[in-house]
Amino acid sequence: MSPTTASSKKLVLSLVLGWVVVYIASAYVLKKLGLSTSVVITDSLVSTGLLLLASLLVINSAKYYLPSTYQLVGILLSALILSLLWLFISNSLLKITFRSSVAYLDFLQNSLLVRFVLGFFILIIVTTAATLLYNWQERQKENQRKADVEALSREAELFKLRQQLQPHFLFNSLNSINALIALDPPQARKMVQQLSDFLRGTLKKEESKMVTLEEEIGYLNLYLEIEKVRFGNRLQTRIDIGDDCKTALLPTLLLQPIVENAIKFGLYDTTGQTLITIHGHSEGNELIISVKNPFDPETSTPKKGTGFGLSSVKRRLYLLFARTDLLATGAEGNIFETIVKIPQQQ
Amino acid sequence: MSKVIIIDDEFLARSMVKEYLKKHPQLEIVAECSDGFEGLKAIQEHQPDLIFLDIQMPKISGFEMLELVENPPAVIFATAFDEYAIKAFDAHAIDYLLKPFDQERFDKAVARFAAQNKPTAIENTKELLNDAQLPGSNSRIVVKNGSKIKIIPVQEVFYLEAADDFVKIFTKEGYYLKNKTMTFFESFLPADMFVRSHRSFIVNIQEITRIDPYEKDGHVAILKNGAKINVSRNGYAKLKNVLGL
C-alpha cells in the first residue's frame, strides 16, 4: 500500500469517528431540549448523516480539485454552498418525516440558524483538513519526483564521466606503456605524451563546441596512434578527407566514439589485419563522414555491434540538430559502414 | 618444471608477462598465442600446466576458449577492466591480474599457482566456467565441431536438450554438443527468448508454432521444423507467461 492511500484511509477513519462524536453530541443536546427519543434519534441521524455525506463529497472533490491560489476563499465558499444545501435537504426531509408534529416543526424552524452555523463550521473543518492533506500529499509526490530526477541526472553525469575516461582503453594503454618501458623507453615516453594529450583533449572539451574537421581528425590521429601501439600491425587505418571539407564544422569529439566502435568491432570480430577507413566529403550543405570496418557476417549480427557505442552519438546529434536521420549504419559483404551527416551553416 | 602458455591479443601485453616470467625459471613458456583459436590449438598440443589468459580477444573471448578445452589447465587471468568477472574469480580462488600490474603482484599470482596442487587448480577452473555469468556474451554460444570452432548466435538456436553430462544444441544444421548443465543455459540464455519447458528441454519461443495437450497433465510444443518438445505442467505455465497467454 502506498503512503498516500494509507493517509486517505486514516482520513476516512477519523471522519467516521468525528461523525460518531457529532451524532452523540447532537442527540444529547436534542434530548436536553426535551424532545422524544424517537425524534432525537431520527433528527440526529438525518442531520449528521447528511453532514457525513457532504464531508465525503468534500474529501473526494478536494482530491481532484486543488486550488493553489484563493485557497481560503475556495474553502469558505464550498463550505458555505454545501452547508446551505445540507440545511435545505435535511430540513425538507425532517419536515416530511414529522409533518404531523406541529411542536417539532416549530422547533425545527427556530433552530435553523444554529444548525446552519454548526454545519458550516464542521464543513469548514473537514474541507480544510482535506485540502491540507492533499496539499501535503501533492508536495510529497513533488519532492519524490524531484529526488528521482536528481538521482537520474547524477547517474547520467557519472556515466558520462566513466565514458570519457574509457577505463578499458586507459588501462590497456597503461599496460602497453608498462611493457614498453623495458622494451623501448623512447617509445614509452612518446606514448605517455600521446595518452596525456588525448585525455586532456577529452576532458576539456565542451559538448556543444564546434571544431573544424581538420582539428577533429588531428585529435582522432592521436587516438589512432595509441591504438596502433597497442595492436601493432593488426590495426591499419586510412584517412581520406577531401580538401573542400577540411574547414567544415562538426561537434567536437563526435567521430572518436564512432571510430572506437569500428576498431572494437573490426579487431574483435576478425583475426588478422583490420583496415579501418575514414572518408569525408561534402554533399550539398552537409558534411558526410563514412567509417568502415571489416566484420564476420557469419558469426555476428551487425545490429548488436552498433547498438551501444553509437546510441550516445545519435542522441547527441539529435540534441544538437533535432534530427534523427544523421547517423546510419549498414553492412555490405564483410564490411560494416557507419555514415554520419553533419549539417553545415550557410 | 611447469609448462606455460600466454594468450593475449596484444603483443606488448604478452611481452610484459614474458618479462615478469624471467624471474621464474621453473616456468617454461611453450607457446604464445594472439587469439583463442591459436590458444585452443596450443593447449591441446602442449597440455600446459598454467595459462595466462586475456579475456577480451578477437572472435572468441578467453572464457569461450576455456569452455572448449576438455581438461582446462590452471588459469591466471590478465584483464584490464571487468567488474563482473572479478567476483567470479574470487569465488573460485582463481587469480587474476588487473592490467597494468607489477612484478610483485605477478610473483604473488605465480606463488599462488605453485601452492595449489594440480587437481584443485583444474577443479577451480571448471567451477568458474560453470558458475560465472559473464557479461555481454549471452548473445552467442561457442561450440567445437571436430577441430573447428563454431559460433552460434542464440537466435539461431531452435532448442536445447539434456543428454547426460552434455547439452545438445539444435540449430538448422543439426545439433552440437556442449559440456554444460541445463541450469547453466537456463540462466545464460536471454529469458525473454528461451524457456525451460521441461527438465530436459529449453526452447526458443520464436520457433514454436503450436502447443498441444499430451497425455493427462502434459503438453507438447511443436516447432517450425517439426520437432516435438516436452512441456511439463510447470513449463506450460512459464510458456504461457512469456508468450503472454
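**View 1. B:Met182 sits in helix H7 (residues 182-188) of chain B.** Helices here are DSSP runs of H or I with at least four residues, strands are DSSP runs of E with at least two, and both are numbered from the N terminus. Please keep in mind that this is a predicted model, in which local features need pLDDT of at least 70, side-chain atom pairs count only at pLDDT 80 or more, and totals for chains, interfaces and linings use all residues. Residues are numbered from 1 along each chain as its sequence is written, while chains are lettered from A and ligands numbered from 1 in the order in which they are written. Is B:Met182 partly exposed or buried? B:Met182 counts as partly exposed because it has 17 C-beta neighbours inside 10 Å; buried would take 20 or more other C-beta atoms within 10 Å, exposed 12 or fewer, and partly exposed lies in between, with C-beta atoms placed from the backbone. Leaving aside neighbours within four places in sequence, B:Met182 is in contact with B:Ala162, B:Val167 and B:Ile202, contact being C-beta atoms, placed from the backbone, that lie within 7 Å. The C-alpha atoms of B:Met182 and B:Lys168 are separated by 9.8 Å, with the two residues 14 apart along the chain.

View 2. Two strands pair if DSSP finds at least two bridges between them. Strand E9 (residues 166-171) of chain B is joined to the antiparallel E10(B) by 5 bridges, and B:Val167 stands opposite B:Lys178 in E10(B).

**View 3. Strand E6 (residues 140-145) of chain B pairs with E7(B) in the antiparallel sense over 6 bridges.** Within this pair, B:Lys144 has B:Ile149 in E7(B) as its bridge partner. The hairpin has 2 residues between the strands, and B:Gly146 takes a positive phi near 65° there.

**View 4. Strands E13-E14-E15 of chain B, in that order, form an open antiparallel sheet.** Strand E13 (208-214) and strand E15 (228-231) of chain B each have a single partner strand, so one side of each is left without a neighbour in the sheet. From one strand to the next, the twist averages 25°. Strand E14 (residues 218-223) of chain B pairs with E15(B) in the antiparallel sense over 4 bridges; here B:Ile222 has B:Lys228 as its bridge partner in E15(B). Helix H8 (residues 233-243) of chain B lies across E13, E14 and E15 of chain B, running at about 105° to E15(B). For such angles, axes are lines fitted to C-alpha atoms, for helices over the stretch in contact, and the angles run from 0 to 180 degrees between N-to-C directions.

**View 5. The contact takes 23 residues from chain A and 19 residues from chain B.** On the side of chain B that touches chain A, helix H1 (11-21) and strand E7 (148-153) of chain B each supply at least two residues. Which element gives the most to this side? That is H1(B), with 6 residues.

Note on methods
Contact = placed C-beta atoms within 7 Å.
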